[in-house]
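Subject: Model for you to look over

Hello,

Here is the structure I promised to send. My notes follow below it.

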Amino acid sequence: MKKYLSGFFTHKTDIGRVRMTNEDRAIALTNSKGNVLLLVCDGMGGQSKGDLASELASTYIAEEFRNKTGGFFNRATAIHWLKNVIRKANTLVFNESCSKEEYQGMGTTLTAVLVAPNYLVIAQVGDSRAYILEDDSLNQITEDQTYVGYLMRTGQITYDEAKVHPK
């Protein structure tokens with residue numbers, strides 16, 4: 001008997017209080033096999049064309065998910081697929097950043113959650129975080145892949161210092 005996930009999946013982005021443009025892209029999709037892809041890409045603030053970078057990455061990954069004809073046989077194949085599609089999205093963004101001078105340095109963060117009936121896989125690049133709701137409390141389950149995150153993980157600065165760190 002085939003298992004399918006049921007429930008509601010949604011997303012929302014917000015421009016925030018600092019930026020002039022919203023560089024966020026969020027997607028919630030199901031495929032024909034009953035898997036769910038939740039994806040957030042956020043253009044890197046301070047870099048050129050972050051909105052384009054997040055759009056390119058999210059659109060590519062969403063299309064690959066929609067076009068995947070076979071299911072994920074197990075957690076290992078899901079991990080392999082997710083790593084591969086993120087690498088290809090990265091190449092797409094990088095190649096586009098080299099195509100025009102005004103695109104130089106563009107990039108995006110990414111957090112993807114691939115949900116199957118018996119497991120889920122989380123992939124993260126940068127500082128777009130994943131949280132889980134447990135006992136009415138949101139708990140961060142990913143670590144920021146940033147310089148400040150590194151300083152905090154290695155004990156060189158505290159959490160409070162990280163909140164006000166200039167980097």
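First, a definition: two strands count as paired if DSSP finds at least two bridges between them. Helices (H or I, at least four residues) and strands (E, at least two) are DSSP runs, numbered from the N terminus.

This is a predicted model, so local features need pLDDT of at least 70, side-chain atom pairs count only at pLDDT 80 or more, and totals for chains, interfaces and linings use all residues. Residues are numbered from 1 along each chain as its sequence is written, and side-chain values use heavy atoms, with hydrogens and water left out.

The hairpin

β5 (residues 131-134) and β6 (residues 137-140) pair in the antiparallel sense, over four bridges. Tyr131 in this pairing faces Gln140 of β6. Two residues sit between the strands of this hairpin, and Asp135 takes a positive phi near 50 degrees.

The sheet

Four strands make an open sheet, ordered β1-β2-β3-β4, with antiparallel pairing. The edges are β1 (24-30) and β4 (119-125); each has a single partner strand, so one side of each lacks a neighbour in the sheet. On average, neighbouring strands are turned by 5 degrees against each other, direction ignored. Angles run from 0 to 180 degrees between N-to-C directions, and axes are lines fitted to C-alpha atoms, for helices over the stretch in contact.

Inside the sheet, β2 (residues 36-43) pairs with β3 (residues 108-116) in the antiparallel sense over eight bridges. Leu39 stands opposite Ala112 of β3.

Two helices pack here. Contact means heavy atoms within 4.5 Å. α1 (residues 50-67) lies across β1, β2 and β3, and runs at about 165 degrees to β2. α2 (residues 75-97) packs on the sheet and touches β3 and β4; its direction makes about 25 degrees with that of β4.

The core

A nonpolar core is a set of buried Ala, Val, Leu, Ile, Met, Phe, Trp, Tyr and Cys residues joined through side-chain atoms within 4.5 Å. Buried means under 20% relative accessible area, exposed over 50%, partly exposed in between (1.4 Å probe, protein chains only).

The largest such core has 28 residues, and Ile61, Leu82 and Leu114 have the most contacts inside it. β1, β2, α1, α2, β3 and β4 each supply at least two of its residues. α2 gives the largest share, seven residues.

Which residues does Leu114 touch, not counting residues up to four places away in sequence? Among them are Phe65, Phe72, Trp81, Leu82 and Tyr119.

Lys83 counts as partly exposed, because its relative accessibility is 48%. Between Lys83 and Ala26 there are 19 Å in space, C-alpha to C-alpha, and they are 57 residues apart in sequence.

The whole chain

The protein chain has four helices and six strands. Along the sequence they follow the pattern β-β-α-α-β-β-β-β-α-α.

The C-alpha atoms fill a box of roughly 55 × 45 × 30 Å along the principal axes.

Of the 167 residues, 35% count as buried. Among contacts between residues at least 6 apart in sequence, 50% join residues at least 24 apart.

Best wishes
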